[in-house]
Each structure stands twice: as structure tokens, then as C-alpha cells.
Amino acid sequence: MTTHTAPLRLHVPEPTGRPGRSTDFSYLSISPAGAVRKPPVDTPAADTADLATSLVRVLDDDGRAVGPWAPSLHPERLRRGLRAMMKTRIFDARMLIAQRQKKLSFYMQCLGEEAIAVAHAQALQEGDMCFPTYRQQGLLISRDDIPLSELICQLMSNEADPLKGRQLPVMYSYKRAGFFSISGNLATQVIQAVGWAMASAIKGDTRIASTWIGDGSTAAADFHTALTFAHVYRAPVIINVVNNQWAISTFQSIAGGEGTTFAQRGVGVGLASLRVDGNDFLAVYAASRWAAERARGNHGPTLIEWETYRAGPHSTSDDPSKYRPADDWQRFPLGDPIERLKQHLIAIGEWSEEQHTQAHQELEAEVLAAQKEAERHGTLLDGRVPSAATIFEGVYKDMPEHLRRQRQQMGV
């Protein structure tokens with residue numbers, strides 16, 4: 001007897017919005033501010049399953065800090081965090097203009113995602129190692145010991161580029177700041193971070209690792225391998241999945257975010273997992289601090305999914321109007337991280353519109369001054385790039401004879 005069945009077909013996820021059709025953000029499960037429980041840092045990983053589907057939030061719609069995750073931060077730290085986010089956004093905007101002026105070849109903004117790096121940085125300690133992607137420039141810009149002009153020299157690949165042209169623009173590397181060299185290869189930094197954290201534990205050190213990956217890159221094999229190693233060896237590491245909804249022109253559901261959360265992947269392999277409002281500075285700090293204390297206390301790794309939105313293009317080579325509505329960011333339910341922290345500080349009497357305007361002017365002047373200083377060393381427009389002699393430097397402690405001969409043949 002022959003049984004007739006319908007033909008098989010594949011399911012190809014589609015975003016809920018496209019150009020000309022507003023996005024339906026109802027797919028984004030959002031918990032009320034202050035509603036999600038905060039467990040002890042030594043809680044078993046399996047007991048965080050509910051935290052991988054709910055959404056940790058602290059700031060409510062009136063700018064008040066509510067619930068068990070609300071951290072006790074001095075207003076000065078909040079103001080410093082706000083200024084760092086503002087400076088990061090201003091820096092991004094100036095570098096985008098510089099790229100359009102052909103002073104640098106390429107740039108990637110973190111517009112709308114500033115809190116994820118800036119607040120997280122406040123929760124770490126000196127000596128911890130960060131393994132970032134190309135949207136965590138806030139880790140560096142929020143520090144006092146990294147000159148903005150030095151970052152711009154790297155972006156412009158000029159004669160003062162500290163990396164001597166060996167990295168693409170925005171792919172910084174700062175050992176002194178605990179900022180591991182950014183790689184353009186997707187997901188490699190996650191398994192490197194787990195390995196670094198394992199080495200720290202093997203040595204009996206007290207330093208932890210923290211790494212970032214985008215929602216799309218979680219589909220890469222290295223990510224899943226890293227989760228297994230982190231679980232098996234209880235590596236002191238924080239794995240940050242930045243779900244900004246879009247991996248270039250590919251919606252997050254293509255990487256597996258439809259009908260589930262990326263945080264649930266952590267619970268599935270034995271990692272404590274949190275899903276957090278990435279546009280809520282206080283929630284980012286509190287969740288980061290919880291995960292850091294867990295790692296430093298030998299209670300194991302944590303995976304955190306940060307819900308946010310990539311407000312700008314993926315890079316200066318991208319035109320997001322081709323694949324999503326132009327007003328998506330204005331309609332994103334979790335708002336703007338800078339505006340939300342600003343309103344919180346105003347609500348508690350520690351900030352004002354006048355102070356905000358003055359801070360913006362001061363930070364804009366600081367970024368412009370840094371750009372002028374960097375341009376003294378050249379831009380792509382004038383071709384003042386590092387000497388070809390730098391090809392041979394920094395490779396060996398003592399230059400071998402065959403390289404010495406090659407350098408002489410080049411006449412440098």
C-alpha cells in the first residue's frame with residue numbers, strides 16, 4: 001500500500017521586518033524591569049535555565065533603578081560611564097566622517113551598543129584579559145591610559161601606527177590594557193579566551209578572561225568547542241554573546257535565534273547563563289559583576305546574551321537600508337543606552353540637560369584634538385605609511401642573516 005505524504009521542505013527563517021515594512025519586535029521577549037531574580041554567584045549552572053529565557057533589566061521607563069539586580073554605584077561612576085559612552089559614540093561618528101573623506105580605509109561603529117563594553121569594563125579588574133570583537137572599542141576609549149590619537153593612528157595606518165600596519169583598521173591590540181589582538185576570523189577569540197582562562201587557573205593566578213562574539217558568529221564551530229572546554233574545565237571566563245539582531249544582512253534567526261535564545265545554548269552545555277538588556281548600563285554592570293565574581297570564585301564560567309541593536313551599518317562597506325527598515329533603531333523596544341543612563345542620572349538629581357550639552361561639547365573637542373594630532377603623522381590621503389623596514393622588525397629578537405640580506409636588497 002502506497003502512502004501519499006506532502007513533500008519535504010526546508011524552513012528558512014525570515015526577519016519580521018524588511019525595507020518598506022516596519023519590524024514587528026514582538027519576537028523579542030522582554031521582562032519587566034526589576035522582575036528577574038538574582039541568584040547567588042555559586043548557583044549551579046542548571047539552576048539558571050529561567051535566566052536564559054527571561055531578560056535581566058534594572059532601569060524602568062521612568063529611569064528608576066529597580067529590582068534585585070540594581071547595583072550600588074556611586075553617581076560619579078555613573079557619570080564616568082555616561083561620558084565614556086558619549087565619547088565612544090562621538091569617536092565613532094568622527095571616524096566615520098574621516099573614512100568618507102578617504103583618510104582611513106575602513107571603519108566599524110558600535111552605535112547603540114556602547115553600554116556592553118563600557119559598563120562591562122567597570123566590572124573587571126586590572127590584569128583581566130579581554131578577547132573582543134571589532135565593536136568593543138569602548139573597552140579602550142573608557143580608559144585613561146589609551147590616547148585617542150594612538151587609536152586614530154592605527155585606523156589611518158600612518159607612520160605612528162603602533163601596530164605598524166599589521167592589523168586592519170579597528171582591529172586594535174593592547175597588551176598593557178588587557179586587550180587581546182582582534183582577529184577578523186570569526187569565533188577564534190572565544191576558544192582563545194577559554195584557553196587563556198584555563199592557563200590562568202593552571203598557574204593558580206587570580207585573573208579571569210572575558211570574550212565577545214556576535215549572534216551570527218555563534219554558528220561557527222569554534223564557539224561550540226569553546227563552550228565544551230569552558231564547561232568541562234570550569235574555566236574562569238565570561239562569554240559575551242552580543243545579539244544585536246543582525247550579522248551584516250543576515251537576521252539573528254539564521255544563526256539559530258528563532259524560537260529560542262542564545263543564552264540557552266550555555267545552559268545546554270553546562271554553563272551558567274543570563275539573558276540581559278544590553279542597553280541598560282546598570283543591568284550590564286550588575287550581570288558582568290555577577291559573572292566576574294563567579295569566575296574569580298572558582299564557581300565556573302558564565303555565558304551572557306546581551307540583547308541590543310546594531311543601530312548603524314555593519315561597516316562602512318554596508319548599506320543596511322537594503323535589508324531592514326530605516327527606522328528600526330528608533331523603534332527598538334530597549335531604547336538608546338546613552339539616553340537611558342542620562343535620564344536615570346537626571347532622575348536622581350546627579351545630571352542635567354545643561355551638563356549633558358556641556359559634556360558633549362567637551363568630548364567632541366577632545367576627539368577633534370586627537371584627530372588633528374594623529375593626522376600630523378599622515379593619513380591615507382597623503383600616503384605617509386610605515387616604512388617597509390618595519391616588515392622585518394619585531395619578528396625575531398635578533399634578526400637572522402637571511403632577513404638582514406633581504407632588508408638590504410630592499411634598500412630599507
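Rings of Phe, Tyr and Trp (its six-membered ring) make an aromatic pair if their centres lie within 6.5 Å; planes under 30 degrees apart are stacked, over 60 edge-to-face, and the rest tilted. This is a predicted model, so local features need pLDDT of at least 70 and side-chain atom pairs pLDDT 80 or more, while totals for chains, interfaces and linings use all residues. Residues are numbered from 1 along each chain as its sequence is written, and side-chain values use heavy atoms, leaving out hydrogens and water.

First, select F25, Y27, W246, F251, Y309, Y323 and F332: together they form one aromatic cluster. By the pairing rule, the count comes to 11 aromatic pairs. Zoom in on Y309 and F332, a tilted pair at 5.2 Å centre to centre with 40° between the planes. Y309 is in the loop between β7 (302–307) and α9 (328–331), and F332 in the loop between α9 and α10 (337–347), 23 residues apart. Helices (H or I, at least four residues) and strands (E, at least two) are DSSP runs, numbered from the N terminus.

Next, pick C130. Its sulfur is 14 Å from the closest cysteine sulfur, in C110, too far for a bond. A disulfide needs two cysteine sulfur atoms within 2.5 Å, and a search of the whole structure finds zero.
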